[in-house]
Amino acid sequence: MDGDPGETLVLRGDPLALLETSPIFRGLDRDTLAAIAAELEWLSLPGGATLFDAGEAPDAMYLVIAGCLGAYAQADPARLLGRIPAGETVGEMGLVSGHPRSATVRALRDSELARLPRESFDRVIVSHPAAMLRVAQLVVERLEARDRRAGSGSRTYTLLPQSIEVDVGGFAAELVAALGRLGRAELVWSVRGADHTSAWFHRIESANDFVVYVADPEPTPWSKLCVRQADAVLFVARADAEARPWPLRGAELGPGSSARAELVLLHDGALQPGAAARWRSLLPGAPHHHVRDEADVARVARLLTGRGVGLVLSGGGARGFAHIGVVRALRESGVAIDLVGGTSMGAIMGAGVAAGWTTEEMVERFHRTFVATNPLSDYTLPIVSLVAGRKVSRLLRQEFGEIAIEDLPLPFYAVSANLTTGHGSVHRDGELWRWLRASVAIPGVLPPVFHRGEVHVDGGAINNMPVDVMRAQHPGVVIGVDVGSDATFTSDIQDVDLPPLWKLLGWFRRHRQRPTILQILWRAGMVNSDAATIAGRRLTDLLLQPPLADVDLLNWRAFPRAIEAGYRHARAQLATLDAEARVRLGLGGR
């Protein structure tokens, strides 16, 4: 990076000011700070370069003046433990303990450092016990922060267009505008930044909450510099173009880069079916975003900054219709739903949200599917199940078509129980209708879904409220809706064996509560996930549990009643939120 060396010298010109603001030396008298400043050594570390390796003997501590460092695990050098931004120190814990370095530290971007050798550090600690106390406090703070999500505090983003045909300028302008509604944001492109040093970038990043760098389509020095500056690299492509590798590939970002890769597909109007699968094959494992308009850009901004809202919907048969009322209440209150996941009936309702259906459209479609016709009426010889399942499959294909999960406007997942592996399976791609059918395949009621040698049944058998799945991918707010929490299985009779048929018919005429085989199989399939459901509730930021004790699991005609119960409960709960919770949900702030 060529530029005026004077910019770097400005950083080094007032070492006293640097020390006065550092976490360790803050509060020491100026004479002591002056003695320390006289022993500082200045170091420039290019992005990707290693400051020290795990296992090395500690010989100095460092103060980050500009740029950013990353600490990597000794056992897994690719795993980022945390970032050390400008103004923070690194290496002092090793000087205190005398133990070898516990992590490898690399420059995440071009950085300027001040180095204090061990001998100088020891003299400060001996002469000023207050400094030692501050070091101990820093150790405690860092241990408490050890488990924080590494990517949740990203502030700098680099847009890497796949080709010159990509309208990266238009997307960049909209993204900066969206980020600007969340904090101070600035756009930097090659004309502005190519000839500056790390000091200039430090000032830009210090003056803003978010900075967006626009790289060139080619692997130019500017593009590589943008990648070094980034917390996240957004690989931007036209959804309708042929999927081709980016000239600057993720694998070429260098071992020192901790920037996470995300895929952005720009659509011209309607979503391009199959686009996500084509482009994701070039960036396996990277999250992807569909962008059609400003609303989609706003969602990308929220997700990048960890301010998105994830919605998790539980299973619960006909009680799942309450999810429609909850979604209506959230939308009316101004909560923007950014990701959706669910199990069983919650997966089906959630797929409608992820598909972008309006509340009215959800009511119309699901009434047609579940109320106007009984989806469980195609009974068959009970060898594998009571119901053939063809009707459920046909109805799901009728409403959702042949769309793939990865082509839905919102990120979405459905959960099934994999009887082959004994674990839950999370479905984020593939045919939507097929995996919804698997997620709702109640054991004994509907036949399993067989796929590539594995057997999938209703996800409620293992994880009826998959909040843990959402938490693993999303650092923002999570709303959980549990429609299976009320008592679902009671009876007013005492019996061991079935009575004769004539007596059984008499009981039914007197409306005694003898469960049917469908109810028994449905509830039996959910029992094992009760512990997981309790754990899932604890992981939510906002838990909604509509009162549905009077709605039977198989009472499809309770459709309007369940929707109204979900709506009223959600409205009431949202009205009681405190100011902090409302801000986190974006109420009045978006």
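This is a predicted model: local features need pLDDT of at least 70, side-chain atom pairs count only at pLDDT 80 or more; totals for chains, interfaces and linings use all residues.
**Strands, cores and loops: reading the terms**

Trainee: What makes the unit of strand 15, helix 13 and strand 16 a right-handed or a left-handed one?

Mentor: A crossover is right-handed if, with the strands pointing away from the viewer, the path from the first strand over the helix to the second runs clockwise. Strand 15, helix 13 (residues 322-333) and strand 16 form a β-α-β unit that is right-handed.

Trainee: How do you know that strand 16 is mostly covered?

Mentor: Buried means under 20% relative accessible area, exposed means over 50%, and partly exposed lies in between (1.4 Å probe, protein chains only). In strand 16 (residues 339-343), 5 of its 5 residues are buried. Leu339, Gly341 and Thr343 point one way and Val340 and Gly342 the other, and all are buried. Strand 16 also runs parallel to strand 17 (residues 412-418), joined by 4 bridges, with valine 340 opposite phenylalanine 412.

Trainee: What does phenylalanine 412 contact, leaving aside its neighbours within four places in sequence?

Mentor: Contact means heavy atoms within 4.5 Å. The residues in contact with phenylalanine 412 include Val340, Ala347, Ile405, His427, Leu432 and Leu436.

Trainee: What makes a nonpolar core, and which residues of the largest one touch the most other members?

Mentor: A nonpolar core is a set of buried Ala, Val, Leu, Ile, Met, Phe, Trp, Tyr and Cys residues joined through side-chain atoms within 4.5 Å. The largest has 69 residues, of which Ile348, Phe366, Phe412, Leu436, Ile479 and Leu585 touch the most other members. A second, separate core has 28 residues, including Val211, Leu225, Phe235 and Ala276.

Trainee: What makes the phi of serine 344 worth a remark?

Mentor: Most residues other than glycine have a negative phi. Serine 344 has a positive phi near 55° and is found in the loop between strand 16 and helix 14 (345-354). Its relative accessible area is 2%, and therefore serine 344 is buried. Arginine 452 likewise has a positive phi, of about 50°, although it is not a glycine.

Trainee: Is arginine 452 buried or exposed, and how do you know?

Mentor: Its relative accessible area is 79%, which is over 50%, so arginine 452 is exposed. Arginine 452 is found in the loop between strand 19 (449-451) and strand 20 (454-458).

Trainee: Why is helix 12 called largely enclosed?

Mentor: Helix 12 (residues 294-304) has 9 of its 11 residues buried, so the rest of the structure largely encloses it. Among the elements covering these buried residues are strand 9 (156-161), helix 7 (168-180) and strand 16.

Trainee: Why are strand 1 and strand 6 said to stand at the edges of their sheet?

Mentor: The open sheet of 4 strands has the order 1-8-3-6, with antiparallel pairing. Strand 1 (41-45) and strand 6 (89-90) each have a single partner strand, so one side of each is left without a neighbour in the sheet. Strand 3 (residues 60-66) and strand 8 (residues 111-117) pair in the antiparallel sense over 6 bridges.

Methods. Residues are numbered from 1 along each chain as its sequence is written. Side-chain values use heavy atoms; hydrogens and water are left out. Two strands pair if DSSP finds at least two bridges between them. Helices (H or I, at least four residues) and strands (E, at least two) are DSSP runs, numbered from the N terminus.
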